[in-house]
Amino acid sequence: MRRGLEWDTAVGSNVDGQICDNCRLCRSHTQTRATAAAVGAARPFEEAAMEHGTVEDSSASTFSIAEEEHTLANPARFVLNQE
Amino acid sequence: MPKKGTKSRKGTDDEPKQEEKNKLPEHLEVQRTRVVCKGDAPVNTEGFQYAGAFAAMGIDNSVSADKFCKNFKVVVNRLTEDDMEFDMIGIDASMANAFRRILIAEVPTMAIEKVLMADNTSVIADEVLSHRLGLIPLDADPRLFEYISENDVPTERNTIVYKLHVSCKKGSPRLTVKSGDLEWLPEGSQLPLASPAQSGDKQKTYTSFSQSQKDILEKPLGVKFKDITIARLGPGQAIELEVHAVKGIGKVHAKWSPVATAWYRMLPEVVLREEIKDADAEMLVAKCPVNVFDIEDLGNGEKRAVVARPRACTLCRQCVMGPTGEVMGPTVEQVELRRVRDHFIFTIESTGALPPEMLFTEAVRILEEKCERVISELS
């Protein structure tokens, strides 16, 4: 199954210095506690987020979409499955 | 925003030739495109959602924007002031359901939200009267208004003000208060706030209209139906109140729902697997409560059943069940009820704020906004 959304971003970690800006998991490696708190304060509402399954293998991702219901989720699931 | 990779597309001139070569067997094509409704239960209810299904037979089961644009069709069957029926062909049930959910709960309308009671000596309690007022459909285009929040001041851009002042004189017969008695106040509220005005200052009211709504809007704002009974007054009773209508969505309260209902069904398909003749044909025609079948005269004294109006089928399954409801019967195996998986008959019944065809385009726009918001948040 092909991925529904194609990300042209290198998967990185704090080891080799590359950062994946879209992946919460990668972000948590490099952000300090104070920086994370500041970022959290600047975002009072939850936003959509994405996490890679692992930093090595980018064939699976988890998406968290806030403030939506089946209205959007069912068509998104259908389109992604048949992509 | 990360750069997205470009997909290479196959040449389109090759596709129709390949599709001709790689047809699915008939029973698999039925399974892929139809839900079959048997006497005991429907089967094939879950479609093939995997893009790679049938790939070994050369069939492309995926969904692409190009294929959707090529195959999708909308056919309007009926369109009146209040309701419309149209077919959406080439769309998935999840999309049809998304439009239904948006139409019911997320398209905004105007409805009465605040009721300021000056006098209510009718037998109806204040809260019940307020509830009844809130459910009255208003003839106001919600696209011309803004949402109001708790901290906003009511202005001519986000609020509509109506007045209701009815009394039944002593000695008169009882009086019925109808929605037509609601009087639109284009200048805003006429009820003064509690504090008296300072000399020279303008009296403060419950709204802050900077200009008349008559100057902004092309047609007067009123109620859609003038004959809705609000209350009945006996002699000596009176109702004096002012109401404020605001913009909202049906997710918050059903009074803001723009449709009386919006519903869809798949296109029914009725197939006779064998010829049904003479007495069996007449029995089959008599069974159907919505006259799907008809008798065709064959000329030499013989008769046979034909499917005349498959669209009218409600899938009550009388034709695939016996006379006392058991699954077996004389004509049971000869009739097959199906529904086309990607053909939806959609019905919208408007409450009047917007015509039904405009409601649907608003629903499409709202779904588009949802997609754009998710894409921008994930980028």
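In chain A, residues 24 or more positions apart account for 43% of the contacts with a separation of 6 or more, a contact being heavy atoms within 4.5 Å. The model is predicted: local features need a pLDDT of at least 70 and side-chain atom pairs count only at pLDDT 80 or more, while totals for chains, interfaces and linings use all residues. Residues are numbered from 1 along each chain as its sequence is written, chains are lettered from A and ligands numbered from 1 in the order in which they are written, and side-chain values use heavy atoms, with hydrogens and water left out.

Chain A has 3 helices and 2 strands, in the order α-α-β-β-α from the N terminus. These elements are DSSP runs numbered from the N terminus (helices: H or I, at least four residues; strands: E, at least two). Of the 83 residues in chain A, 23% are buried; buried means under 20% relative accessible area, exposed over 50% and partly exposed in between, with a 1.4 Å probe and protein chains only.

Chain B has an average pLDDT of 87, and 89% of its residues score at least 70. Residues 1–15 of chain B have a pLDDT below 50, and this stretch has 15 contacts in the model beyond near neighbours in sequence. The pLDDT is the predictor's confidence in each residue, from 0 to 100.

Two residues of chain B are described next. Gln334(B) lies in the loop between β15 (303–307) and β16 (335–350), and His343(B) lies in strand β16. Gln334(B) counts as buried because its relative accessibility is 11%; His343(B) is buried too, at 12%. Their side-chain polar contacts are tabulated below (N or O atoms within 3.5 Å; within protein, one must be able to donate a hydrogen and the other to accept it, and residues adjacent in sequence count only if both atoms are side-chain atoms).

| Residue | Partner | Polar contact |
|---|---|---|
| Gln334(B) | Glu274(B) | 3.2 Å |
| His343(B) | Asp87(B) | 2.8 Å |

Not counting residues up to four places away in sequence, Gln334(B) touches Val271(B), Leu272(B), Arg273(B), Glu274(B), Glu275(B) and Ile276(B). The C-alpha atoms of Gln334(B) and Val320(B), 14 residues apart along the chain, are 8.3 Å from each other. With the same exclusion, the residues touched by His343(B) are Asp87(B), Met88(B), Ile89(B), Arg265(B), Met266(B) and Leu267(B).
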